[in-house]
Amino acid sequence: MYFCLCRPQPSREILQVNVLLSPQLRSLLLPGFIIGLLCLMIGLGSCSKQDQVKIGFVGGLSGRAADLGLSGRNGVILAVEEQNRKGGLNGKDVELLIMDDKQNADAARKAVTALLKQNVDVIIGPMTSSMAQAIVPLVNKQRVVMISPSTTTEELTGIDDYFFRVVASTSHYAKHHAFHLHDALDIKNISVIYDLNNKSFVESYFQDFSSMFEKLGGQINQVETFSSGSTASFFDLAQKAIGPDTEGILLIANAIDTAVLCQQIRKIDPAIRIALSEWSATEKLIELGGEAVEGVLFHQFFNRNSTAPTYRAFRKSYLERFSEEPGFAAVVGYDSAKVALTALAQRNNRTLKETIISISKFSGSQGTIEIDRFGDSSRKTHLSTIKDGQFFILNSSPDKN
């Protein structure tokens with residue numbers, strides 16, 4: 001899929017001039033007119049290519065996890081449109097090329113290869129850790145910066161490469177989650193259900209969570225896995241996970257599958273504690289989960305009730321542009337694009353990688369985004385729940401890991 005944001009092109013009425021001429025005059029003038037018009041169009045085309053900054057976006061825009069990709073894409077679109085209304089970047093239009101990775105490694109590699117052939121200046125994406133694992137080698141080989149809005153796997157942490165991100169790694173969220181469940185809620189026995197389709201993220205999250213939970217004295221009773229979109233019975237998964245000693249269940253899956261799993265769990269045990277990873281905390285979770293997701297617990301960086309002027313301005317623009325509330329994916333998509341645009345405007349004779357590392361601190365929609373020399377980021381974490389069909393923050397952690 002291709003999407004372009006740039007200056008308006010000349011009116012198509014110029015192509016209809018010949019209808020106003022007499023047949024005789026038209027026969028004399030038309031060949032020269034066409035040649036001249038073609039030259040004009042070629043000139044405009046070559047000029048527009050030279051006067052454009054190209055940004056690629058790759059994310060899952062179809063399938064069961066599409067809510068994440070579509071929301072992230074919208075955040076990027078909004079940032080690019082705002083930049084073009086300001087006159088672009090140093091007088092150049094910003095062109096946005098959008099690709100669907102279909103949450104499939106082969107499709108993701110093809111999408112990134114297509115973007116690299118277009119000589120994009122930077123790529124925003126992907127939205128999931130498994131897709132990042134598949135495509136980071138491609139951007140590293142071409143030395144093209146990739147800024148992921150929501151990839152958190154530890155497998156890409158602390159590496160000097162061309163992969164950057166605007167959120168903290170899984171250890172930040174998972175360890176806070178384990179600590180709260182064990183110490184604050186006195187949950188000592190927990191079961192886990194996770195989706196193998198985003199293996200890089202879920203296994204990273206599970207390892208960080210279980211390591212901290214067991215270090216604190218807790219026990220992982222049962223671990224059940226499934227592949228999103230398969231014929232797996234979620235009721236059977238829930239039954240296997242809920243043992244006689246199970247005090248809580250941790251779900252690491254996308255919003256749709258998490259909503260269905262919550263419904264099946266509540267059929268078996270309406271009172272059991274359900275904890276989630278930040279991956280599933282999108283508006284789709286509430287829409288599909290209904291009463292079954294009331295009271296679930298998760299840690300994430302996004303504060304939907306933020307009063308920061310930058311977020312209020314972003315939210316207003318997003319509502320006007322897309323007629324819906326922004327979720328966390330929209331925020332990080334927007335923030336990723338703003339980081340890219342800020343660095344592109346200031347790179348001068350430096351590489352984009354050098355520029356991002358040099359700037360280090362960027363203005364995000366909900367506060368400062370600090371990126372280290374490995375491209376890793378940290379943000380404040382909020383313990384959150386769902387209450388009366390709304391996301392609700394219970395408390396917040398410090399900004400640093």
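A residue counts as buried under 20% relative accessible area, as exposed over 50%, and as partly exposed in between. Keep that handy for Arg321, which sits at 36% relative accessibility and so counts as partly exposed. The model you're looking at is predicted.

**Salt bridges**

- Searching the whole structure turns up 11 salt bridges.
- One of them pairs Arg321 with Glu81, with the closest N and O atoms 2.8 Å apart. Arg321 belongs to helix H10 (residues 309–322) and Glu81 to helix H2 (residues 66–85), so this pair ties together parts that are 240 residues apart in sequence.
- The Glu81 end of that pair is at 13% relative accessibility, so Glu81 counts as buried.
- Glu325 is in the loop between H10 and helix H11 (328–346), and the two residues are 10 residues apart.
- Glu325 comes out partly exposed because its relative accessibility is 39%. Arg315 is partly exposed too, with a relative accessible area of 32%.
- Over in helix H3 (residues 105–117), Asp106 and Arg109 are 3 residues apart, so about one helical turn separates them. They form a salt bridge, and their closest N and O atoms are 2.8 Å apart.
- Asp106, at 46% relative accessibility, counts as partly exposed. Arg109, at 32%, is partly exposed as well.

**Helices H7 and H8**

- Helix H7 (residues 234–241) and helix H8 (residues 255–268) have axes that come within 9 Å and cross at roughly 55°. That angle makes H7 oblique to H8.
- The H7 and H8 crossing is right-handed.
- On the H7 side, the contact uses Phe234, Phe235, Leu237, Ala238 and Gln239; on the H8 side, they meet Asp257, Val260, Leu261, Gln264, Ile265 and Ile268. Sorted by type, the residues of this contact are 8 nonpolar, 2 polar and 1 charged.

**Gln300**

- You'll find Gln300 in strand S10 (residues 297–300).
- Is Gln300 buried or exposed? Gln300 has a relative accessible area of 2%, so it is buried.
- Leaving aside residues up to four places away in sequence, Gln300 touches Tyr173, Glu278, Ala281, Phe328, Lys380, Thr381, His382 and Ser384.

Notes. Residues are numbered from 1 along each chain as its sequence is written. This is a predicted model: local features need pLDDT of at least 70, side-chain atom pairs count only at pLDDT 80 or more; totals for chains, interfaces and linings use all residues. Side-chain values use heavy atoms; hydrogens and water are left out. Axes are lines fitted to C-alpha atoms, for helices over the stretch in contact, and angles run from 0 to 180 degrees between N-to-C directions. Helices (H or I, at least four residues) and strands (E, at least two) are DSSP runs, numbered from the N terminus. Angles under 35 degrees count as roughly parallel, over 145 as roughly antiparallel, 65 to 115 as roughly perpendicular and the rest as oblique. A crossing is left-handed if the near helix is turned anticlockwise from the far one by less than a right angle, and right-handed if clockwise. Contact means heavy atoms within 4.5 Å. Ala, Val, Leu, Ile, Met, Phe, Trp, Tyr, Cys and Pro count as nonpolar, Asp, Glu, Lys and Arg as charged, and the others, Gly among them, as polar. Buried means under 20% relative accessible area, exposed over 50%, partly exposed in between (1.4 Å probe, protein chains only). A salt bridge is a side-chain nitrogen of Lys or Arg within 4 Å of a carboxyl oxygen of Asp or Glu.
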